[in-house]
Amino acid sequence: MRNCYLSRNYKGVDGAGNKAKTDIERIMEENGYVNVGLRQTRYTNTILAFLVTLAGVLKLPFSLRKGDRLVLQYPLKKYFTFVCRMAHWKGVKVIVVIHDLGSFRRKKLTVEQEIRRLSHADYIIAHNTRMKQWLLDNECRVPLGDLEIFDYLSETNASPHTAPSHPYRVVYAGALNPRKNTFLYEVGTYIHSYQFNLYGNGFELDKAKGKEFFHCKGFVRSDELIATVEGDFGLVWDGFSVDACTGDFGEYLKYNNPHKTSLYIRCELPVIIWEQAALADFVRANGIGLCVSSLAELDAVLSSVTPEQYVAMKQRTAEISRRLSQGYYIQKALSEVVF
């Protein structure tokens, strides 16, 4: 029996989704998994990218052997069902690692269509126990495991431990366009004793309330951010409101593992997260941050964090960061697969 995976073309890895997938491929390769497609490519030309991925999919049935186990990263767009059927035809079991559910944020599929598609797998690794329960509630009959959190490989490491600053600096990184991050323009109303350091493009400072509390650092590549980030906490929040994570992006946090969380942990920043987010369970269980119901209360919450409490959170965050850098969580999830 061989452990196998299907590589494909990724249109660059600056986007969180592709970074997570290429990291998992690298971890599998380093652990002896066999690529049964073509080698990984990163062409940005749409036609070339399509042709390369298609060629890898067509090669797959000729590369698999009876008794193999094949790991697929989902979604695999139009090829997923075909690849599963080819694998089963060859006597191969299919393990699926979910990255995104099309029936949630993008509404590309109905829930019924998604469950039907996923039913072609022999085992599914969901993001977390909340997503696992959602699949069960929607009548997914495939055996289920969960990842807990996405690993995050990087050639760089966080700078040596430093004491917290006063006031605390909260980092928010990503695409800062108002459509996805409307809350950033309102949260300044509630800030009295901390600052925001924003990493990314698209934030219109003049439109923000309490703009004196915001410092725009511009876009910094993730490897560089890990080594140079200026901050004490990393914020995981989405949507329109400071009072809850709302809209499609916010609702998805109840089931999704944002890759941004893993980036903050690799920066060794304790995490501030919405208490209803799925990853809030992980943050609480590991003591690596703060879970809040509303950003309106964040000022008071941060004011109550003592330097000693912060240092303890930071040390625990550094330990989880080490695990993420070694591919601990995907290796653990794959080791627990039972058909």
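Me: What should I know about the model before we start?
Reply: The model is predicted, so local features need pLDDT of at least 70 and side-chain atom pairs count only at pLDDT 80 or more, while totals for chains, interfaces and linings use all residues. Residues are numbered from 1 along each chain as its sequence is written, and side-chain values use heavy atoms, with hydrogens and water left out.

Me: Why is K107 called exposed?
Reply: Exposed means over 50% relative accessible area, buried means under 20%, and partly exposed is in between, with a 1.4 Å probe and protein chains only. K107 has a relative accessible area of 52%, so the label is exposed. You will find K107 in the loop between β4 (93-98) and α4 (111-118); helices here are DSSP runs of H or I with at least four residues, strands are runs of E with at least two, and both are numbered from the N terminus.

Me: What makes G102 and D248 contacts of K107?
Reply: Contact means heavy atoms within 4.5 Å. Leaving aside neighbours within four places in sequence, K107 is in contact with G102 and D248.

Me: Why is E148 called partly exposed, and why is E268 called buried?
Reply: E148 has 26% relative accessibility, so it counts as partly exposed. E268 has a relative accessible area of 18%, so it is buried.

Me: What is there to say about phi in E148 and in E268?
Reply: E148 is not a glycine, yet its phi is positive, at about 85 degrees. E148 is in the loop between β6 and β7. E268 also has a positive phi without being a glycine, near 60 degrees, and its place is the loop between α8 (259-266) and β11 (271-274).

Me: How do you know that N257 and N128 make a polar contact?
Reply: A polar contact is a pair of N or O atoms within 3.5 Å; within protein, one must be able to donate a hydrogen and the other to accept it, and residues adjacent in sequence count only if both atoms are side-chain atoms. The side chains of N257 and N128 are joined at 2.7 Å, which is a polar contact. N257 lies in the loop between α7 (247-252) and α8, and N128 in the loop between β5 (123-126) and α5 (129-137).

Me: Why do N257 and N128 count as buried?
Reply: N257 has a relative accessible area of 3%, so it is buried. N128 is at 5%, so it is buried too. Outside the four places on either side in sequence, N257 touches H127, N128, E148, I149, F150 and L279, while N128 is in contact with D146, Y255, N256, N257 and A278.

Me: Which peptide bonds are called cis here?
Reply: The bond from Y74 to P75 is cis, with omega near 10 degrees, and so is the bond from H166 to P167, with omega about 0 degrees. P75 is in the loop between β3 (69-74) and α3 (80-89), and P167 is in the loop between β6 (144-146) and β7 (168-173).
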